[in-house]
Amino acid sequence: MDSDRPPIVISRVVDAPRELVYRAFTDPDHLAAWWGPIGNSLPREEMKFDVRPGGYQRWIEVFPSQPGLRVEVHIDLTDVVDGELLDGVAHVTGQLPEGLQPHETRMRVEFHDEADGRTRLEIRQWLSEQLADPANQGWNEAFSKLDATLRNAVAVDVEV
């Protein structure tokens with residue numbers, strides 16, 4: 001695998017302020033609301049976060065349609081800049097969906113201000129080519145959940 005060229009490069013503008021989008025990635029309550037493909041969930045009681053350089057994010061992803069699956073995600077954070085950057089190596093193990101093997105993937109998420117209070121996400125993920133399609137599909141499904149979660153959070157902030 002060419003470490004300079006990630007198989008996944010995503011640039012996406014979301015309709016929420018950067019601080020809120022960053023929190024969606026770094027606060028367990030927020031991440032549990034949107035992470036993963038549609039139908040999957042993250043049991044909040046199994047999430048542990050210490051978001052800082054040298055810290056970690058740990059969670060379990062469950063598949064209600066396939067109760068035997070239990071994906072363990074452990075991210076070792078190498079670089080964190082509050083509100084701007086998350087970079088680390090994810091170790092994916094556990095009972096994975098058919099066709100997937102335990103693996104490691106480097107993930108870098110950058111958060112940039114855009115016009116009108118929106119945020120541009122720049123996501124790069126280094127993983128084997130055979131995992132690129134399932135990972136892209138997972139990101140696309142997760143983004144639809146993220147958009148809904150951010151709409152609700154922005155609406156609550158406006159009402160306050």
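Which residue in the turn of the β6 and β7 hairpin has a positive phi? D116 does, at about 60°, and 5 residues lie between the two strands.

## Basis of the model

This is a predicted model: local features need pLDDT of at least 70, side-chain atom pairs count only at pLDDT 80 or more, and totals for chains, interfaces and linings use all residues. Residues are numbered from 1 along each chain as its sequence is written, and side-chain values use heavy atoms, with hydrogens and water left out.

Helices (H or I, at least four residues) and strands (E, at least two) are DSSP runs, numbered from the N terminus.

## Strand pairing

Two strands pair if DSSP finds at least two bridges between them. Start with β3 (residues 56-62) and β4. They run antiparallel, joined by 7 bridges. E61 has V71 in β4 as its bridge partner.

Next come β4 and β5. They pair in the antiparallel sense over 11 bridges. L77 stands opposite G88 in β5. Their hairpin has 3 residues between the strands, and G83 there takes a positive phi near 80°.

β5 and β6 are also antiparallel, with 8 bridges. Here L86 is partnered by V109 in β6. β6 then pairs with β7, again antiparallel, over 8 bridges.

## The β6–β7 loop

D116 sits in the loop between β6 and β7. D116 is not a glycine, yet its phi is positive. D116 counts as exposed because its relative accessibility is 75%. The classes are: buried, under 20% relative accessible area; exposed, over 50%; partly exposed, in between (1.4 Å probe, protein chains only).

R70 is found in strand β4, which covers residues 70-81. At 34% relative accessibility, R70 is partly exposed. A polar contact of 2.3 Å links the side chains of R70 and E46. Such a contact is a pair of N or O atoms within 3.5 Å; within protein, one must be able to donate a hydrogen and the other to accept it, and residues adjacent in sequence count only if both atoms are side-chain atoms. Beyond four places in sequence, R70 touches E46, I60, E61, V62, T93, G94 and Q95. Contact means heavy atoms within 4.5 Å. I123 is 53 residues from R70 in sequence and 25 Å away in space, C-alpha to C-alpha.

D87 lies in strand β5. Is D87 buried or exposed? D87 is buried, because its relative accessible area is 4%. Leaving out residues up to four places away, D87 touches D76, L77, T78, D79, R106, M107 and R108.

## The nonpolar core

A nonpolar core is a set of buried Ala, Val, Leu, Ile, Met, Phe, Trp, Tyr and Cys residues joined through side-chain atoms within 4.5 Å. The largest one has 42 residues. F25, W34, W59, L121 and W139 touch the most other members. At least two residues each come from β1 (8-14), α1 (18-26), α2 (28-34), β4, β5 (85-95), β6 (103-113), β7 (119-126) and α3 (129-159). α3 gives the most, with 9 residues.

W59 has contacts beyond four places in sequence with residues including L31, W35, L42, F49, V71 and I75. Helix α1 is mostly covered, with 7 of its 9 residues buried. They are R18, L20, V21, Y22, A24, F25 and T26.

## Pocket and cavity

Both are found on a 1 Å grid over the protein atoms alone. A cavity is a set of points where a 1.4 Å probe fits but cannot get out; a pocket is an open set with protein on both sides within 12 Å along at least five of seven lines. Lining residues have an atom within 4 Å of a point. Grid points are joined across faces, edges and corners, and a volume is the space filled by probe spheres set on the points.

The largest pocket holds about 610 Å³. Its lining has 28 residues, with P37, E61, P134, A135 and G138 nearest the centre. β3, β4, β5, β6 and α3 each give two or more. The largest share, 8 residues, comes from α3.

The whole structure has 1 cavity of 30 Å³ or more. The largest cavity has a volume of about 120 Å³. It is lined by 13 residues, and Q57, I75, L86, M107 and V109 lie nearest its centre. β5 gives the most to this lining, with 3 residues.
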